[in-house]
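Good morning, colleagues. Please have the display before you as I speak.

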Amino acid sequence: MVSMMKPSSDRKMNPIRNLLGLGYWVQGFRCFPWMAVNFFLKDGLKVDPSTLQILQNSANLPMVGKPLYGVISDAVYVSGQHRIPYIAVGAVLQAVSWLAIAIFSKSNISIFTMTIYLLLSNLGASIVEVANDAIVAEMGKQLTTSSKNSQSSSGELQSYVWMASSAGGILGNLLGGLAIDRFSPKSMFLFFGFLVALQFFITIAVRESSFNLPKTPNVGIRKQLSELSAALRKAEIAYSVTWFAASYTVIPALTGTMFFYQTEHLKIQSSVLGISKVFGQAAMLLWGVIYNRYLKSVSPRRLISAIQASMAVFMISDVLFVRGIYRGMGVPDSLYVVVFSGLLEVMFFFKILPFSVLIAQLCPPGCEGSVMAFVMSALALSLIVSGYLGVALVSYTGVTGDDFSKFPIDLLIQAVSTIIPLYWSYLIPDGVKCKSRRKEE
């Protein structure tokens, strides 16, 4: 009897897995045009490290509006659907922005117009992510409550989409590293524009009714905002989100400066940077597999704290790298960039998987999209503030595109800042509290 019912459950999940797999894969593949953006800004528009990092972080401002997109997605139905239409709209916005950058002549592209197009692209991406995250949260809760083994099923769908995104990132970075030396950035923008246009046509061909999503009443935006506010006032959610956001905010991001250090000072080839990012995305994929198989039962507090501490260790390693310690030991700069830099770059996001599973379990029914969107919005705002702090730090210490003598000091400050949130890790619920919460529900 059980064996006869299992295939039926799998068939119900197939349409969801297919759409989510495509959506998260495309979002992971976004690193392909963004690699071209970095080189286009540096070589084409001749921006300095601080300006590059400001543009990188400012382009993420639409991500801060995710709670609004989540509330609208939860409350406003379009033709009886409240997820598929938003995925389609987001895909269109991305296609328009990337195709516009690719088609317009270089003389018509300035830093201002480039910023506008990148903002439009990230607006579309954020809308897609909100809708996809809401589907994952809804189905994750449904699987948890309907499965006898809720411990194994609670993070299964989250792990699946995590791996889909990582797979897209692996291919995007691999192709990006190879293409940047063979094709112009505009060609890469054009290719991705056509890809998200294809995603749009595939999405509109799917009916949301085939997903068998949990039915929630259409309560309107005002009611949805009220429910979101009530959810965020719950101590478990409020404390967790506060710590999660603060754990990123206090770390001054130095990605733009490190990019210039590797490409201008060390003369690392773009193909090596591409391989480095592929290595990082492969680590993300492996992390999803390891978490799904072995770590779902580990206390979220212990797991997230361990990731935070590991980030600090890798940052201290970066200090040794910039000081030339590894070079003196015979380790090539390119090898360090591929392995350690690639791993540290994605380690920033390792916390998202266990934290998203935790929030999905704590999230009240009916406002999954709003709560998950708020979490991602808080993350986006934290990363933006982190980027601005990094710009302020390198400006204060006098690090420029030609002078990296004080860069090790910046990296050491970054490592110390990463350790600070560990003193407040008690704000994250542990496994016992999560279980008690599920029993109460």
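Let me begin with a definition: a contact means heavy atoms within 4.5 Å. On that basis, residues 24 or more positions apart account for 87% of the protein's contacts with a separation of 6 or more.

Two remarks on the source. This is a predicted model, in which local features need pLDDT of at least 70 and side-chain atom pairs count only at pLDDT 80 or more, while totals for chains, interfaces and linings use all residues. Residues are numbered from 1 along each chain as its sequence is written, and side-chain values use heavy atoms, with hydrogens and water left out.

The secondary structure consists of 20 helices and zero strands; helices (H or I, at least four residues) and strands (E, at least two) are DSSP runs, numbered from the N terminus. Of the 441 residues, 56% are buried. Here buried means under 20% relative accessible area, exposed over 50%, and partly exposed in between, with a 1.4 Å probe and protein chains only. The accessible surface comes to about 18800 Å², and 66% of that belongs to carbon and sulfur atoms. Accessible areas come from the Shrake-Rupley method with a 1.4 Å probe, and for residues only the protein chains shown count as cover.

I turn now to the aromatic residues. How many aromatic pairs does the structure hold? There are 27 aromatic pairs. Rings of Phe, Tyr and Trp (its six-membered ring) pair if their centres lie within 6.5 Å; planes under 30 degrees apart count as stacked, over 60 as edge-to-face, and the rest as tilted. In phenylalanine 39 and phenylalanine 259, the ring centres are 5.3 Å apart and the planes stand at 80°, so this pair is edge-to-face. The pair links distant parts of the chain, with phenylalanine 39 in helix α2 (residues 31-44) and phenylalanine 259 in helix α12 (residues 255-265), 220 residues apart. Phenylalanine 39 is buried, at 12% relative accessibility, and phenylalanine 259 is buried with a relative accessible area of 11%.

Phenylalanine 314 and phenylalanine 340 form a tilted aromatic pair, 6.0 Å centre to centre with 45° between the planes. Phenylalanine 314 lies in helix α14 and phenylalanine 340 in helix α16 (residues 333-347), so the pair ties together parts 26 residues apart in sequence. Phenylalanine 314 is buried at 17%, whereas phenylalanine 340 is partly exposed at 33% relative accessibility.

Asparagine 38 is buried, with a relative accessible area of 13%. Apart from neighbours within four places in sequence, asparagine 38 is in contact with Leu52, Gln56 and Phe259.

Which residues does glutamine 308 touch, leaving aside its neighbours within four places in sequence? Glutamine 308 is in contact with Trp243, Ser247, Ile251, Lys351, Thr418, Pro421 and Leu422. Glutamine 308 belongs to helix α14 (residues 300-322) and is buried, at 0% relative accessibility.

Lysine 351 lies over the face of tyrosine 248, at 4.0 Å from the ring centre. The charged end of arginine 17 sits over the ring of tyrosine 160, 4.7 Å from its centre. The criterion is that NZ of Lys or CZ of Arg is within 6 Å of the ring centre and within 35 degrees of the ring normal.

Next, the backbone. Most residues other than glycine have a negative phi. Lysine 46, although not a glycine, has a positive phi of about 60°; this residue lies in the loop between α2 and α3 (49-58) and is exposed at 64% relative accessibility. Lysine 267 likewise has a positive phi of about 60°. Lysine 267 is placed in the loop between α12 and α13 (270-295) and is exposed at 58% relative accessibility.

Glycine 65 is in the loop between α3 and α4 (66-75). The C-alpha atoms of glycine 65 and serine 377 are separated by 6.4 Å, although these residues are 312 apart along the chain.

Finally, isoleucine 420 is found in the loop between α19 (407-419) and α20 (431-440), and is partly exposed, with a relative accessible area of 36%.
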